[in-house]
Every structure is written in structure tokens, then in C-alpha cells.
Amino acid sequence: MIQIKAPDGSIVQFPDGTPDETIVGVMKQNYPPSLSSVAASTAPDTAAQPQVAAARANADTTALTQAAQPKGWMDTLRDAVFDGNRGVMGVVDQGVRGVAQGLTTVAGLPADAAAGAKAVSGYVADKVGVPDIVQAAIRNSPPGAAVNGVAALQPYVGGDALQHYLDTANNATADTLGVARPVQEGTTILERGTNRVGQEVGAMLVPVAGAITKGAKIGVDAARKLPGLVRAFVEPAAIDPAKFAAKEGATAVAAGTGAAAADEIARASGAKKGDTAFTLADILGALSGAGLLGAARITAKPLDDIRQAIFSRDKFNNRVVQENVTDRLLNNADSVPKTEGQPIDAQPLIDAIMGGRRVSDTIPGFKESVADRTGDAGLATLEYGRQSGPNAGKFVQQRAENTTAVDNAMNANAPDGNPAALRAELALERERRLTDAGVNRQNAQEDFDRATQALQPALTGEGRGADIRQALEAASEGARNILRAAWEPVNNSGARVDMAPLADEFQGVRRGMSTAEAERFQPNETDIPRRLSGDREVSPAVTDAEGNVIQPAVTEPITQPINEVTGLRSALTDASREARTAGRTNEARIIDQHVEALDRYLDDAVPPELRQSYDEARAATVDYHDRFTRPQTAIAQTLDRQEGQYRQPDSAVTRKFVQDDQGRIADFQALMREAGNDQRTVAAVRDQILADVRDRGLLERPDQLRDYLARYNTILSDRRFAGVRGELDNAAGLRRTLDESTAAETQLTRELGTAERPGTSTVGKYLQYGDERSQDALKGVLASKDPAAAIDEMLRFVNDAPEAVAGARKSFWDLMQSRARSNGETTKTVDGAQPWMPNRLKNFLDDPAAAAVAERLYRDDPEQLANIRKISDELQNVDLRTRGKAVNTSGTAQSISNVLTPETLQSRLYAYKRGQTSLGFMLTALGSVAARRLVRGAQGEAIEKLLDRALLDPDLAAQLLKENNPANRAALARTAKGYLGNEASSVTDLLNGPEPKDETRDAVMRKDNGR
């Protein structure tokens, strides 16, 4: 190795035998400032040593000519693996460069293939004698372009052209920046090997990346419909991109390693890169490396199976086990479509597992099985059959763990209250309310009693009547005095009247009556006018001698004082009133006719000068009689006498005036007009009202008293009796309050009950149970007509006391446990816990009565109830009831080894002794039989274990189905092909011929610029 020290201090190495002209050219090209000053004086000297020529080429530096110095074997090995100046970075650099070369190789493969095709066609044409001009026309090339059947259209073709242009660009960039040009080829075995492996990896990346991109875009189903070679790449990439890329990458590395080894062997034998021999060795090396990897994969599996069967039987696992378990899962799954003659696609089951219910999200620590996750009936049947098999303990353990997980999740939402707290609060509130009701009733009774004492009448009925009569007598006497005063001017006027016309009037009345009426009903007073009338002779008549009257006698009527007429009228009106009062209607009618005749007479008989006084007296008389003597009025009846005695008793007087609005209310109004200012009248009327209310018992019946007051509204509306109305209204209100408080106490006692007698309300019924029967008490609430209203009534009864609410929740929780937990001996888990029954739990929570009660109990904490419901929903279709039971086996069968039976050993030994087989064959046969049986036994056990594990672990099942999907097995088993792109490029290089000579690239094996 020739080493030259450059102006910048770095060492430039040249292979032994490199011509001086080449060294000088390289140094000028890489270090122009230093070389320009001596370029003209430097001339090759073939006689000189290369070291001397290099020294002349660089006047600024001292040539370091080093002969080969002896090196130790460690130094030699280090130089072969790592260049002392480049080290690990040189290996990395060549690896990256190799990847880039591989990428450009595949990218230019179409052009290389086209050029190769032209070269082959040219070679064939040359062999059969086709003229050059014709061949050029066929290849669309100028004449003379074909030389010995090899296309020489341009110095570089396809990938080589891309690499050449890349190298040129890198060199130009280095020259512009004034830095050392990149080393294009490795100088050590490791650098060259890494570069070659990088080429295979780079060449593999293009088709692999394209296949992965295409597969991700179109999906697995579309990839399976692609044609031929495209499907071979895209389908496995779509199925499992990582596995596809890993497989292709491993094969590319193996091919690169084989090619690198073959290249080193070819280089050691004298072949150079680009030579046909070198290229063929490279191709064969790559194919051999890939083939060796495939062989290693094939042989490693059975060897690993034997190793596991011997040393790790409990953990035995291989592709056969996984595929067998996968097939059993798929064959038992009802939800997976199965088409005869077509491999089963596990993707629907995978999707069902991955997208199925995950109980563990709600119940931490819960492990659902595949059947639980997917709801598949076939898998549920398989699981049921397996739960009592050889691995039943796993099912039992998982069922116990799930029971614990459910208990933990449920207990996290369990209330902390004491059921007795609710009953204590209810009982305390009941006693308080009953006491309050009793106090209210007692207070109302006392208020009512005080009010009624003030409403007792002060007088008896006789006393009240006597007082009113005396008041009316006084009023009547006053009215009579007024009447007398009115008639005084008439009676004392001294006027006299002729009563003959009055007698005629009476006679006229007589003519209108029958004889019987006249004799029976005509009063004697009607004869007075006749008796007091007549004529008186003033002068006698004058007659002649013959007795003839010459002059009649002069007479004049006999007159009477006018008070005779007024007196007669008073007598007749009294007789009429008496007859009418006595019920002698016809008599009164006859008398009234005479009174009317008398009035007509007076209208004509009263002298003009007395007309006004007479009219006033007449009006006063009418008024008086209207007020006091009209027999149909209560006042007249009260004052009426017979033989000096009152016709009506005192006890009957007050009732005549105190009547409701539908009665003779005018009598009351007349009484108030005549004697309303007399306190005796007011007191008597008030006492009569109070006595009436008392006698009717209205104070005890406020509603009827209210109606009574409404009916007597006219009397009670009088301002003089407003106090009575107010007192009675107050009494009615107090009685109503008393009745209400009494009814409330009675009703409350009936509803809430007492310690001796249960009540009818929800609270009363609940309190009939003791603290130890809180569940029975709550059952009564659930069985009520409206459970929500019932539980709400109870909680509102205690004002939603936190202790009471917590106690109610605890009673509800205990009742729910009694309804939803198993209670049989066979349902216990191994640790003695009774599991929750999912269906019973959900049925209980979904029951309208229980749901209504729960909503009310958890009104202040709905999240806790939601958690319970969520747990219940998650437990549906999850079997926690069946207790797995391990098979009662002794394990003896597992202790007998069937690897080599005595029959097998004897048959092989007899064959050897008879000379039918050699010793080596006998040992080999026995070994193979032992290995097969050993693997088969371990494999069978592993299948059973893995199947049960997969049934109990959905994620494991999904992984197995994904990795061993029957629909994907063929695609994933295909051999890697991505590395073949680089080998195809090598083949085209053989067809295209050697690439142009680049002395600089060939000469410079390594340059270290110190970076």
C-alpha cells in the first residue's frame, strides 16, 4: 500500500503498483492550490520509485515513502476490518452509500432491462448476419453503435448512470467547498461487505415500500384480487406490513452477506468488479445467502421443537400448535363465514374480539373469555366443554378471580349506612308529629271553648219576647200620640156634618150583600149614621082653609159633630183588624167595605177649611195602621190583644222577627224601624240569633253555621249585629280549626300508627318491622302501588336526613344482594364467595319498582347508581354461575413415557442383528422416532393448554388468529423477493457489458481528511 501525505496533513493511500501518472493526476485533482506551482516541473520518471515521483509532484511537502513495514496479526486484522483512519464511520458511510446504490439500482432497472434487451437483440442479429445499419435502425441508434453485439449507446446505462451522476454531483460539491471528495468504495472487508449488504437492503426498500403503501391503500381484500407478481408482493404487505418488511429485510441482509462473501472470494482470485466472473460470483453469492437463510428457517423449526419438547415441555409452542388452536377456534365459531373449498378468513372473528365488550374497562381485574367478548354461541359451547377438561383449574381460578373483581367493583359502590338508622329516624319523626298533632288539637279545643262561652244567650225566649213587645208598645204609643195630634184639629174644629149621606152609603153597601151576610157580618156600628141623621122643622107649613099647603114647612138636616164620623171610622177599623186577626175573613171584608164607604163620605163631607188637616190626619192614620195594626204584620200580631190579653205569647214574639232572607224579612225591617234604637230590641234579636245557633247545634258544625250566616245575611248585615256575625264567624273558624286538628290527629294516628297498632301509610307499614327485618320492610315499599312515591314519602318524612338516606340505600343494597347473589353450596368459588348472578342483578335493577326506588335513593349521587347499572350491563352474557370442577385424575398416565416403547426398541434391534440395517441407521431411526413422538406429545399438550389459554384470554386469541389466519398463511409463507431487484440489475450489467473505466475511482481506495 502506497501512502502519500497530502498538504493538509492527511494520508492518501494508493494500491501497490499504481502508476506515478495516476498518483500525480489524483493529487492535482484533489489538491490544486498545492500542485499548481510545480505542475510544469513535474514529469514522470519511470526509473524512479513511486515515492520519489510523488515527492517531485508536491514541492510543498516532504514525500513520505514508506516501504511495507512488518505488522502483527492484530494490526493486520484491524486494518482488514477497520481502516485505521476511517474506523466505524467508514463502515457506516459505506452502509449508507450501499443503500443509496441499491435504491438507484432498482430505480434504473427499467433502463437497464431495456438496454439488456437491445444488447441481446444486437447479439442475435450479429450472429445471424444482419447488417449494422439495419441493427441501428431497429434499435433507433446511429450506425456503428453495435460493437461485437454489445450496445454502446452511452458510457453508462440505467442504475449505473444514476450512480455515476450522483458521484459526479458529490465530487463537484466537494470541489466547490474545498473539501476532500467522498470515498466511493470501501477499503476494508467490513466496509465492502457493509456496502454490499446496504445495496441489497436499498434494492429491497423500493418494492417493499411500494407494496406496503399499496396494501395500506387498497386493503387485504383488494390485494387478494391483484394479478400474479403484484399480488405476491402487495398481499402479504397488506396483511402484516411489519412481518412482511422484516422477512424481506432479513432475506436482503442474508443475500447481501452471501454476495459480499462471494465478492471477496472473487477479488482474492484476481477478478475485478465489473468483470463477468465477478458479477456471476456476486449473483450466485446473493442467491446462496438467501437460500441458506431459507434452509436455516426450515431446519431451525424442528430442532427448536425437539429442544422445547426436551427442555421446556411446559412452555412448548410452535407454528403447528398455534395453527391448530387457531383452526379449532375458527371451526367452532358460529359467527365466522365458512365457504367450502376456501380457507377460513379469521378477520371477522378478530374484529368481533377486538371490538367486543371489554368488561375490564368497567370492572377492573375482570377477565372475560372469548365467548364473553364475542357472544359467539359456538365458542361458548367449546368453552363449556373445556371448563371441565384437563385445564379446568384455569377456568376455576379465572372464575374465582372474576368473582373477586366483580365484588370489588360492586363494593366500591356499596353504601356505608345502617338500615336501623332509617327506622330510628322514622320512629322519632312519627312521635314528634303525633305529639304536635295532639297539642294542636288541644289548643284548638281551648280556643273554641272560650269563643263559645261568649256566644251563649243572656235571656230566655219569654224574656226576649217581652222585651221586644215592650219596645213595640212604646213605639206604638208614640205613634198613637202622633195620630191623636193629627186628628185633633179635625175633631176639635166644631164642624158638623150631615150623616144622612153616610147612612145612604152604608145602605148601598147593604144592598150589595146577601141577607145572610148582612145579618151575620154587618157590624152594629153601621146603623149609627141612620140613627143620628134626619131633618129638623124650622118653620111649619102654611095651608089654606081647604087644607091645601100654601107654603111648605121649612126644615133643615140634623147635623152631628164631625168626630162622630171619625170615631165611627176608628171603631170600624178596629173591628176589621180584630176580625182579620181572628181569621174571620168575610167579616173583615164586609167591615172594610163600610170603611171605604165612610171614607168616600168624608171626602165630600169635610169642609174645605179642614181639608188639609183632614188629609194629614188620614195619612197619619194610614201610616199608623200600616205600622202597627195591619193584622198580617208581626208587629200587629205581637201587639194584638183579646179581652185585654195579648194573643201571642212572649216566647213566640222574637221568632216572628228573626227570620232568614227567604222568610218575612219585612217584619224584621219594620221592627228595626219602629224599635231598632231600643237596646232591648237589639239585645233580644242578638240573643235570639245565638239561641237559634245553639239550639241547632251550629257551633259544632261550622259548615252549616256558615250556611246559616249566609241565609240570615239581611239581619246580620245590619250594623247593630255586625259584632254577632264576627263572633259567629270566629267561632266557626275556631270550630273548623278544631275539627281539622282533630281529624288531622286521627288521620295521622291511623296512617302512622302507634307502637301497639301499625299504620296504613308507607311509614306506618315500614315501622311495623323491627331493625332486623329492614329488607322485609323495604319489600313492602317495592310492593306498593307507587314505589317511587312511597320511598319519596319516607325520605321526605325525615327531611332527607343523610343518615336515613344512607340507611335506606343499605337496605336496598342488602335486598339487591339477597335477590342477585347465588346462595347454593355448588355456586361458591374456591375461596367460598358467592358470585353475583348477572341476569338476576339486571332483572332486579330493571324491575320498574326497584328502578323507581333506586332513582329516588340515589338522587343525590346518580353516578353511583350509574356505576352499578353499568356493571350489571357489562356482566350480561358473562357466565359466573357454573363452578368448574377439575377432573379427578391421579396423573399416572402422564408419568409413563411413550417416547420409545419396548416394541419399538426391540424391532429396531432385531433388524440390526439380522443385518437388515446398519448401526448408524438403527440409531438414526430410533432418534427420529423418539424425536417425533416427543414432539408430538409435547405438541398435543401444548395445543390443549394454548386452546384453553386462548379461550380465557381474548387478546391472546386475537393475536393467534391474526398471526395464523388461514386466509393469510399462504401469502405470509411466500419467500422474500425484494432483494431480487438488485440481482436483476446485475444480470442486465452482464448483458450490457463492462462499464467505462474510471481510473480515479479505481485508484483512490480511501482518503481520510481528518473529519
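This is a predicted model: local features need pLDDT of at least 70, side-chain atom pairs count only at pLDDT 80 or more; totals for chains, interfaces and linings use all residues.
## A linked group

## Arg196 and Asp282

Here the closest N and O atoms of Arg196 and Asp282 sit 2.6 Å apart, forming a salt bridge. Arg196 belongs to helix H9 (residues 189-223) and Asp282 to helix H12 (residues 276-311), so this pair ties together parts that are 86 residues apart in sequence.

Are these two buried or exposed? Arg196 is buried, with a relative accessible area of 4%. Asp282 is buried as well, at 7%.

## Asp599 and Arg618

Next up, the side chains of Asp599 and Arg618 meet in a salt bridge, with 3.5 Å from N to O. Asp599 lies in helix H25 (residues 585-605), while Arg618 lies in helix H26 (residues 611-629), so the pair ties together parts that are 19 residues apart in sequence.

Asp599 has 12% relative accessibility and counts as buried. Arg618 comes in at 18%, and it counts as buried because the cut-off is under 20%.

## Glu700 and Arg735

In this pair, a helix residue teams up with a loop residue. The salt bridge between the side chains of Glu700 and Arg735 spans 2.6 Å, N to O. Glu700 lies in the loop between helix H30 (679-695) and helix H31 (702-711), and Arg735 in helix H33 (residues 722-752), so parts that are 35 residues apart in sequence get tied together.

Glu700 is partly exposed, with a relative accessible area of 41%, whereas Arg735 is buried at 14%.

Terms used. Residues are numbered from 1 along each chain as its sequence is written. Side-chain values use heavy atoms; hydrogens and water are left out. A salt bridge is a side-chain nitrogen of Lys or Arg within 4 Å of a carboxyl oxygen of Asp or Glu. Helices (H or I, at least four residues) and strands (E, at least two) are DSSP runs, numbered from the N terminus. Buried means under 20% relative accessible area, exposed over 50%, partly exposed in between (1.4 Å probe, protein chains only).
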